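Me: I should like to go through the structural labels given to this model and ask what each of them rests on.

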Amino acid sequence: MTGVVFTKRLTLGRTLLACALLTLLASGVRSAEDGFGTELMQSIEDSNKSLASNIALKEAKGANADAKELADMFAKVQTYYAQKGDAADAVELARKCHDLTLKIQSSVTANDYSTATGAATDLSRTCKTCHNFYKKS
Ligand code: HEC
């Protein structure tokens, strides 16, 4: 008899633990989604401004650091939209932004600031294209 009660308690305990874990996981996913919109985009905005001024000043080190940060962040944006599904254009635009930041890194390293400036202009244009389609406000 005590054995049965014990087993039941154990099962209940496991169920509660599983529920707690699921809730934790679910809230983790939700906050990651919330973080996408404002925090990640604000960081992208800051790095993009810094990148533009570093390219204008021909500050290779700063420009490369900004472009690298942007590459990482756009990889996240791309993954977000790929997992979300039903947003092929957003995946493609994020990929384009990512590739442009790589192009900026290689041209800055080669001291080719006219190519870097062109790519940075392209990049800012691509931000706007995505916002036109996917940003609600
Ligand atoms: C793949 C699509 C996409 C690309 C590319 C993109 N954005 Fe965004 N951006 C969004 C979406 C969607 C929002 C709205 C998020 C929300 O409000 O939840 C947003 C919002 C923003 C915001 C407003 C954040 C806030 O505080 O509300 C800024 C600033 C921003 N983006 C800057 C940029 C810059 C700069 C670039 C390019 C270097 C860029 N974005 C590229 C999709 C994109």
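This is a predicted model: local features need pLDDT of at least 70, side-chain atom pairs count only at pLDDT 80 or more; totals for chains, interfaces and linings use all residues.

Me: Why is A82 called partly exposed?

Reply: A82 has 14 other C-beta atoms within 10 Å. A buried residue needs 20 or more, and an exposed one has 12 or fewer. The count for A82 falls in between, and therefore A82 is partly exposed. Its place is in helix 2. In space A82 lies 9.4 Å from E92, C-alpha to C-alpha, the two being ten residues apart in sequence.

Me: Which residues of helix 2 are buried?

Reply: In helix 2, the buried residues are A63, D66, A67, L70, M73, F74, V77 and Y81.

Me: How do you know that the span of helix 2 agrees with its number of residues?

Reply: Helix 2 has 25 residues, and at 1.5 Å a residue it should span 36 Å. The expected span uses one less than the number of residues. The end C-alpha atoms of helix 2 are 36 Å apart, so the two values agree. Helix 2 is followed by G85, whose phi is positive, near 80 degrees.

Me: What makes up the largest nonpolar core, and which residues have the most contacts inside it?

Reply: The largest nonpolar core has 19 residues, and I104 and A120 have the most contacts inside it. Helix 1, helix 2, helix 3 and helix 4 each give two or more residues to this core; helix 2 gives the most, with seven.

Me: Which residues are in contact with I104, leaving aside its neighbours within four places in sequence?

Reply: With those neighbours left aside, I104 is in contact with A63, A67, A116, A119 and A120. A contact here requires C-beta atoms within 7 Å.

Me: What makes up the shell around the ligand, by kind of residue and by helix?

Reply: The shell divides into eleven nonpolar, six polar and two charged residues. Of the 19 residues around the ligand, G37, M41, E45, C127 and C130 come nearest.

Terms used
Residues are numbered from 1 along each chain as its sequence is written. A residue is near a molecule or strand if its C-beta atom, placed from the backbone, lies within 6 Å of it. Ala, Val, Leu, Ile, Met, Phe, Trp, Tyr, Cys and Pro count as nonpolar, Asp, Glu, Lys and Arg as charged, and the others, Gly among them, as polar. A nonpolar core is a set of buried Ala, Val, Leu, Ile, Met, Phe, Trp, Tyr and Cys residues joined through C-beta atoms within 7 Å. Helices (H or I, at least four residues) and strands (E, at least two) are DSSP runs, numbered from the N terminus. Two residues are in contact if their C-beta atoms, placed from the backbone, lie within 7 Å.
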